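Have a look at it first, then read on.

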Amino acid sequence: VGDWIPYSLITILSMDFDILGKKFKETLNNPKVKMDEIKKLVDEHNQLAEAGSLLQSIFSSSLLLNFCVSSLNMCLICFQLVVMDDFNQILVYGAILGISLSQVFLLCYHGQKLIDSSTKISAEIYDSKWYAIENKNIKRMIPMLLQIS
């Protein structure tokens, strides 16, 4: 129950990355895009990257500890399930194993969702009609935008 704060923050950050990717695609689909519009999007991307770094610095050690403890619990619970004979205790330990598995799943799911949404920005940039942009300076920036994102 206490994990809802980092999970919520990770979800919000990944949604912001998704929105930014769509903004990049919409902006780069305009052949008469201006450099100021690109600068605003790059600044927004930098702010999201800083927010992700801040989120990592705050929660990385606690989430790692959570993952390690849950993994250890799963190993011990599986051992208990193998050696037990009482059906009621097997049900109790099975429920505890399910809770530990769901906790690790949620941790991995939210982390992968953040990774996917942040790397999706480069796919959105690449899928746009960047080749139709009239400004040569912006066209030269596209490979750098792809690399950064």
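The points below cover the helix pair, the salt bridge and a surface patch.

1. Ground rules. This is a predicted model, so local features need pLDDT of at least 70 and side-chain atom pairs count only at pLDDT 80 or more, while totals for chains, interfaces and linings use all residues. Numbering starts from 1 along each chain as its sequence is written, and side-chain values use heavy atoms, with hydrogens and water left out.

2. The helix pair. Helix α1 (residues 4-28) packs against helix α2 (residues 35-83) at about 160 degrees, axes 10 Å apart. That makes α1 and α2 roughly antiparallel (the cut-off is over 145 degrees). Their crossing is left-handed, meaning the near helix is turned anticlockwise from the far one by less than a right angle.

3. The salt bridge. There is one in the structure, counting a side-chain nitrogen of Lys or Arg within 4 Å of a carboxyl oxygen of Asp or Glu. K23 and E44 make it, at 3.4 Å from N to O. The pair ties α1 to α2 across 21 residues of chain. K23, at 34% relative accessible area, is partly exposed, and so is E44 at 24% (partly exposed lies between buried, under 20%, and exposed, over 50%, with a 1.4 Å probe and protein chains only).

4. The patch. W4, I5, L9, I12 and M15 form a nonpolar surface patch with about 500 Å² of accessible area together. Members need over 30% relative accessible area and no salt bridge, and nonpolar side chains are joined within 5 Å. I12, in α1, is partly exposed at 45%.

Definitions and conventions: Patches are made of residues with over 30% relative accessible area and no salt bridge: like charges are joined within 9 Å, nonpolar side chains (Val, Leu, Ile, Met, Phe, Trp, Tyr) within 5 Å. Accessible areas come from the Shrake-Rupley method with a 1.4 Å probe; for residues, only the protein chains shown count as cover. Helices (H or I, at least four residues) and strands (E, at least two) are DSSP runs, numbered from the N terminus. Axes are lines fitted to C-alpha atoms, for helices over the stretch in contact, and angles run from 0 to 180 degrees between N-to-C directions. Angles under 35 degrees count as roughly parallel, over 145 as roughly antiparallel, 65 to 115 as roughly perpendicular and the rest as oblique.
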